Amino acid sequence: YPREALKEGIEGDVVIEFTVGANGQIKDAVIKSSSNRVFNRAAMGAVGQLSCQSGGQDIRVQAPLSFKLR
């Protein structure tokens with residue numbers, strides 16, 4: 001969770017689009033929408049840590065990420 005958002009009590013959502021390559025690697029990630037840019041770096045980092053399987057071909061994916069305080 002981004003430190004600044006935690007400090008300010010901010011929650012939000014990011015939609016990120018990326019390609020899962022034929023080898024399962026994540027590439028070409030872009031932010032499609034964001035309720036607050038403070039979450040963008042954390043969203044990109046989270047997607048970069050994904051381990052995926054693509055079935056042998058590149059697949060373009062859009063994923064929503066929600067940042068909620070508990």
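A nonpolar patch, in the sense used here, is made of residues with over 30% relative accessible area and no salt bridge, where nonpolar side chains such as Leu and Tyr are joined within 5 Å. In this predicted model, one such patch is formed by Y1, L6 and L69, and its area is about 270 Å². L69 belongs to the segment that follows strand 3, which covers 59–67. Because its relative accessibility is 31%, L69 counts as partly exposed, and that value can be set beside the requirement of over 30% that applies to residues in a patch.

With the patch located, we can turn to the chain as a whole. Its secondary structure consists of two helices and three strands, and, when followed from the N terminus, these elements come in the order α-β-β-α-β. Taken along the principal axes, the box filled by the C-alpha atoms is roughly 45 × 20 × 15 Å. Of the 70 residues in the chain, 26% are buried, while the accessible surface amounts to about 4900 Å², with 45% of this area belonging to carbon and sulfur atoms. Contacts also tell us how parts of the sequence are brought together: among those between residues at least 6 apart in sequence, 68% join residues that are at least 24 apart. As for charge, the chain carries 9 positive and 7 negative side chains, and the centres of these two sets are separated by 3 Å.

When neighbours within four places in sequence are set aside, the residues in contact with M44 are I16, A29 and I31. For one of these, I31, the separation from M44 is 13 residues along the sequence, and the distance in space is 7.9 Å from C-alpha to C-alpha.

Most residues other than glycine have a negative phi.

How values were computed:
Residues are numbered from 1 along each chain as its sequence is written. This is a predicted model: local features need pLDDT of at least 70, side-chain atom pairs count only at pLDDT 80 or more; totals for chains, interfaces and linings use all residues. Side-chain values use heavy atoms; hydrogens and water are left out. Patches are made of residues with over 30% relative accessible area and no salt bridge: like charges are joined within 9 Å, nonpolar side chains (Val, Leu, Ile, Met, Phe, Trp, Tyr) within 5 Å. Accessible areas come from the Shrake-Rupley method with a 1.4 Å probe; for residues, only the protein chains shown count as cover. A salt bridge is a side-chain nitrogen of Lys or Arg within 4 Å of a carboxyl oxygen of Asp or Glu. Helices (H or I, at least four residues) and strands (E, at least two) are DSSP runs, numbered from the N terminus. Buried means under 20% relative accessible area, exposed over 50%, partly exposed in between (1.4 Å probe, protein chains only). Contact means heavy atoms within 4.5 Å. Lys and Arg count as positive and Asp and Glu as negative; His and the chain ends are not counted. The place of a charge is taken as NZ of Lys, CZ of Arg, CG of Asp or CD of Glu.
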